[in-house]
Structures are given as structure tokens and as C-alpha cells.
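Visitor: Could you walk me through this one, rings and helices included?

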Amino acid sequence: MLINVVFPIPKNQRFTYAIPQELQDSAQVGCRVLAPFGHRVLTGFIIETQVPAPADTKIRPILDAFDSEPVISRELLELARWMADYYLCSLGEAIRAFLPAGLMLQAKTYAKTSKDLPAAGSSILQRKIVTTIAQHESLRLDHLKKLVGSRGFYYNLSKLVDEGFVNLHQEIVGRQNYERKIKFIKITHKPAAAEFEGLSKRSPRQALMLRALDKAGGLEKLSRLCELAECSSQTARALEKKQLVEIFDRNVLRDYYGELQVPRASRLVLNAEQEKAVTAISKPVLADENATFLLLGVTGSGKTQVYIEVLRRALEMDKGAIVLVPEIALTPQTVFRFRSEFQNNVSVIHSRMSKSERYAAWTRLRQGKCKVVVGPRSAVLAPVQNLGLIVVDEEQEGSYKQSDNSPRYHGRDLAVVRGKLENAVVVLGSATPSLESYFNAKTGKYTLIELKKRIADIPLPRVSIVDMARERIAGREKGELVLSSKLMQKIGEKLQHKEQIILLQNRRGYATIVQCGRCGEVTMCPNCNISLSFHKQGNIMRCHYCNFAGQLPQQCSGCNSTIILQRGIGTQQVQSFLQQHFPAARIVRMDMDTTRRKHAHDKILNDFGNFRYDILLGTQMIAKGLDFEKVTLVGVISADTGLFLPDFRATERTFQLLTQVAGRAGRKNGQGEVIIQTLSPQHMSIQYACKHDFLNFAKTEIHERKALGYPPASRLVLLHFSDKDEKRTLQAARKFAFLLAGKKADFKIVGPAPAALSRLKERYRFQLVIKSDKQRDPGAQNARRYIEDCMQEFADGSDLSGVKIRIDIDPVLIL
């Protein structure tokens, strides 16, 4: 039997292999195989069986087959094919995105020294290679290359291998055990009343544990039982000696939220708007029909409860559901909310989980043990069985776009496509939807449903603007002006009334730049064209792109001045300022620096929700989806942070961020207050955000976008070129632009031009932007085909093959 296999590599090509007789039962579409690929061994995916033999080609057999049933269903394989076609990646790369990392096995080459290398007759690099290997006994080639450098590496290594100083061997890597042993306890003998009474008198703790175990159904995790009965494991051992219980090990899949015990929520009564929305969305769910809805609801209007009620009806029909949230920070609250309704039928997937936890969640969903998954963009690829509903909360968020690695998909758009393929209902929810989604709703592609009022008719928060230019003129204090007098006054009032405050500053660190006070020189990252940010902890400067770190200089490298200034305001500086002016306030900071540890998001949000802190200060991760009833004041330290970025969506993102964070105030107990500090008080996005006026903002912005040929009137493709040599990078971008122009296609080419971040991680960056009109080229199909043709022409005989070309369809950020 011959099969066609694809591999998770950039090359979009299928390869034909033979299946040995003993493995033919595993030859199903969607199963994994281990196959030779050149000098390597890789995991591939069967996409076709019973294929004819290609002419004049030697067919190699696969080495192994892993699965008795497909790891990717036919529906998801069809979605992977769509991803590969639309986002211009290989089918193997697309399939890999659907699977947890531990399923990908491959052979890696290791190097080991076999005899001493004499100094005479050997090069410096050869001696360095041998010495480095000897220090590690055995070393993977890719790691060895990083340690000794890439220049001349393979030539010198091959010489060492030929002369017998180094041996190479291959090992299969990637195999991991994703189960763990957990101790359980069960009742083996239930004592009679008289026997139990005697146990209670002699050993009250043992009786208490036995009663708790019986109440739990006679079987429980030992650790959980000890917690419930407030006893130690020694008490359990004593019961085991009396042959009343048995303690045993059980292999279980890891669960990120395995210890989360959530009480069942009471049923809420919907208001008229919510009821109408649930009825409209449930209709296609109950009829097994595909439909896409845009749920446009003001902040605090109860969109989540609409999701829950529709999901309840889907589960009653034995359908599964996916709930997407834009940030990892939102996941704990969302999981708690959904688990309070649906208990252990809810699983979670996100990048902070370990490989074993993600594998366990994937397995439970694939086996149908969980019907609901909650998580960021990757959750849209989860193997939910009998899918009936996909919810994309805060659908406007840019974090739904995968921008770094291929495939560069958009979670929201993929949700819409998956809904069509699997006949599921898709709900896109937001108070500030993306202009693309709103445009689709206004043109009839989606169905628009509006929630215009907050729950219990609580009014939207009252928003005030503080002109920070005028505050500076007033000269209230020297140095950086962190908080205006008005915001300071309001914080004091709220603290006095035992109310909570959220403060947004979308820059982490202490200061955004380090600058000489004499000549004005700014300390730049040596690897990137970006200034270093100062972090107070450790007194270091750090690049937030490549993670380069260096000590704060004592003097300027340009003029030797010792006047070193820290400019710009980061979250650390705001926290320091608050601690100085409100010493009694309990302040917690939430940004990338404070949430690196596992469950850090959960702990901060839980503690703030339980009123262990008065002020929650953070970056944009605190701006959306959070619901705390005691928060009555929201302050925006600097609304201008992203307003003037060289990106056509900068205005839209600022409006969305301000509107969303304003919506955290006054969600339960009366009208909240919002204070926005800005140097641009008359800017359109800030003015509309103050009025919570999405409709007029969208109307104005869409009109301007149409005039300039930007989405939603068109589709964009970003072609990104990078290399360590600036001239080669520009030469490659110009050559590609010339090839595209030669197609004489009906799209506009902008560039090549340096990227806004013109150098990152030692690589120079140039870009081309293609604008494709939606009416003349729906889905940018022609543009994508021409780009594929040009990629082939560019690669054929090119001396610029080392330049990396990244294709981003529908980019959300052009930097």
C-alpha cells in the first residue's frame, strides 16, 4: 500500500511512502507515521491512502505508525487544508497547529567525541567543537552549533567525523509520559453503627475522615480527602491498617485546573434584551444550522450570561462548544464562571500550561469527556466533539492573530470558517467590535444583535478627560508627572470609602527610555532599533523584544556626562508613586514581569476579587473582561501610549482600549467614574471613548479607511523580509516587488520600505504591503496565487535565498 504524507515543514508538498504489511492497519487518513526524510527522521501525517505509484521515483517505507485511529478528524483536516490555502503555509504546518507538542516525534543528531584531538594540524574551530562536546559528553548538533558559532561549522565537523574524532548518532526525541500517579483512597469495609461509635471514641480523627470519605461517595483523592477532613495522611494509613480503607495509585491525566472546586451557580434571570438575544442565537443551534452573529453589547450588558444560556441549550442537545478569550489573564475568571454553570464539563487550553496539561486537555476533548473548552486563540483548533457553538469574546482583540510562527491564522476568522465546515453557530461578542466584523454585520454577512443597556439599568461610567499639558504648565511637581491632581483626589476618596480602583498604564518597567541629560543620547538595544527600558528591580535596562539586559550606565558613552535620566512612565514607576503618596493602600501590579509564574494571573485576580488589595495596576491585560463589583474608579495614566504608532489601526486600538477599561468601573453598585489622562484631549478616539459612542466612531473611521484603501474596504497582505545584512534585505524586497509588479494584477503594492521597527534581534527588516480590493478580488484569491508564484520565481536560482520572507495574510499590526 502506498500513502501520501505531509510533514510540518515550510515546503508545501506531499511525499509518497510505502506501508509495510504489519503496519497497514494503521494506514488511515489523519494518522501519524515516522518516516525517513532526507538524512532525518520526522513525524508526518497521512493525508491520502491507496495512491498510485509515482513514475521514476524510488519509494521508501515508513519506519513506524503510531495511531490506531486518526489524531485529526476529517472535519479538522478540511479546516487545515483551508488554513494552508488561505494563509499560504504548508498543510503539514497547518495540521501540526491542531496537535499538542508531545505528539511530534523526530530524530535528532547527537555528537560524541571518540578520541583526543591533537593540537597540531587542527583548526581553532575544530578544537573548540571537540572541547565543547567533551564538556557535555553528548550534544545535539543544533545546540552545538549555537555554542560554537555557525561560520564554518559543518565543514569542520565533517572533517572531524571523517578523521574519527567525533561520532554522530541519531535519537528519537519527543516521547514523554503525560500521565502522573495520584494516590486515591476508597472504603473497603463500612463499619456498623456500633463499630463506628467505638471508632469515634477511640480515634475521633479517623472517624471524621471515614465519614468524609463516605460522604464523598466512598472514593476520593487522598490529598483532597485530607483537605476536606482536616486530617493528615497518617490518619488514612491508620484506617488502612484497620482494613477499613485501601490507598492505591491511579494514573491520571494532568489537569491545569484540577484542584478548582467551583460551587454551582444559581440560575440568573435574563432581562428583555438578553432573552431576545438568546432566542435569536439558539434558533440555528437547535436547528443544526450554521450562522454567525455579532453581539454588540455595551460593557456590563451581560454578554457572558447570553453565551452561557445558549451554551446550556447546545449541551442539552449533546453538542460541544468552544469559548475563546483574548488574554490568558481572562481565563481564570472565565473558567470559574463557566465551571460554576457546567462543572467538570469545562476544560481549558492555553500557552501557560505545561505540555502534559495541554495533552491531557486535548485528550479529554477528543474522547468526549469534556464538551466545552475555554482558552485563547489556539482553543479554536481543539478537537471538540459534535461542535455546535463557538463563542469569540472580545472578538476585536489583536491577540487572536498568530503573527510569529506559521500558520499565521486569525482565531476569530478561523472560528467563522470552522462554524461553516461543522455546521455550528458562531457568536462574536464585544462592546467595541473590530471594524471588519461590524462592516460584515452591516452588509449582511453576519447577523447584528445589540445589547444597549447594562444589567439592572446601571448607567455607564462617567468619563472625565485631564489635559496633562495643562497639568505640566501648572507645575505641580518636578520630574515625571504620573498622576494628575484630579486623579489623586479621586483615588483618595475611593480609598476612604473602602472602594477599589483599577489603573491602566500600558508600559511595563520603570521608565521607557534611559537618556543622557547633557547631550540627549538615548541608550539603544545593540540587537534592535529600539530604546532600552529601565527596570528598577535589579537596576537593569532591558529590551522588551530580544530580552537583552544591561546595567544602568554611570555615565554617557557619548559625552561622559554623569547626568543619566529615566524618561517615560512604566508600571513600576506608577506603583512606586502610589506607595509614596498612599502608603496605607494595598497595591498589586499585573504585567508581564509579575505574571511569569504558573497561576500568577489567577492569584492576583482572586486576591483582588476577595478585596485583599485596594488598587489593581497593570497593562492592557487588566483592561478587558474583568468584573469586580467594588471597582468604582478607573484611571488611565497615559491614553497616548499607542495612539501615534505608525499603523493604520492605532486610532481604533486606542478607542477600544479606553472604552474597554472604562467599562470595568461601576458594574454592580451604581455609576462608576473614569479619568483619562492625555496630551491629546481633542483626538477623535479619546472623544468618542468618553461618550461610549462606538457607532459614530465606526462610521467616521470606516469612511477614512475607504478613502485610503484599508480594511474593511480591502484586504491586506504583509510581506516581511529580514536578514542580518541590510543591503541584502533591501535587495530581496526590491526583487520581490519587481516580480509582483510584473504580474500586472489588480492590486496595489506599497513599498518596499523599512519596517517601523527596522532592526530586531540583529536582523534588518523591510516590508511590502499589498492592498487587494474586496469587490474585484474576494478573499484576495488572485493576490495569494500571485504571491505563491513569485515565491517560486524568487527561490529559483536566487542568490538571496538566505533572506527570510514572512507572509502575513490579514495582518493586525504593521510594525
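This is a predicted model: local features need pLDDT of at least 70, side-chain atom pairs count only at pLDDT 80 or more; totals for chains, interfaces and linings use all residues.

Guide: Residues are numbered from 1 along each chain as its sequence is written, and side-chain values use heavy atoms, with hydrogens and water left out.

Visitor: What radius of gyration does the chain have?
Guide: Take the globule rule, 2.2 Å times the number of residues to the power 0.38, with the radius taken over C-alpha atoms. For 815 residues a compact globule would come out near 28 Å, and the chain agrees with that, at 30 Å.

Visitor: Which kind of aromatic pair do Phe-608 and Phe-628 form?
Guide: Rings of Phe, Tyr and Trp (its six-membered ring) pair if their centres lie within 6.5 Å; planes under 30 degrees apart are stacked, over 60 edge-to-face, and the rest tilted. Here the centres are 5.0 Å apart and the planes make 90°, so by those cut-offs the pair is edge-to-face.

Visitor: How many residues apart in sequence are the parts that this pair of Phe-608 and Phe-628 ties together?
Guide: Helices (H or I, at least four residues) and strands (E, at least two) are DSSP runs, numbered from the N terminus. Phe-608 lies in helix H19 and Phe-628 in the loop between strands S28 and S29, so the pair ties together parts whose separation in sequence is 20 residues.

Visitor: Which residue has its charged end over the ring of Phe-611, 5.0 Å from its centre?
Guide: A charge sits over a ring if NZ of Lys or CZ of Arg is within 6 Å of the ring centre and within 35 degrees of the ring normal. Lys-630 lies over the face of Phe-611 at 4.2 Å from the ring centre. The residue at 5.0 Å is Arg-586.

Visitor: Within what arc do the buried residues of H24 fall?
Guide: Buried means under 20% relative accessible area, with exposed over 50% and partly exposed in between (1.4 Å probe, protein chains only). In H24 that covers Ala-783, Arg-784, Ile-787, Cys-790 and Phe-794. Going by directions from the helix axis to the C-beta atoms, they line one face of the helix because they fall within an arc of 125°.
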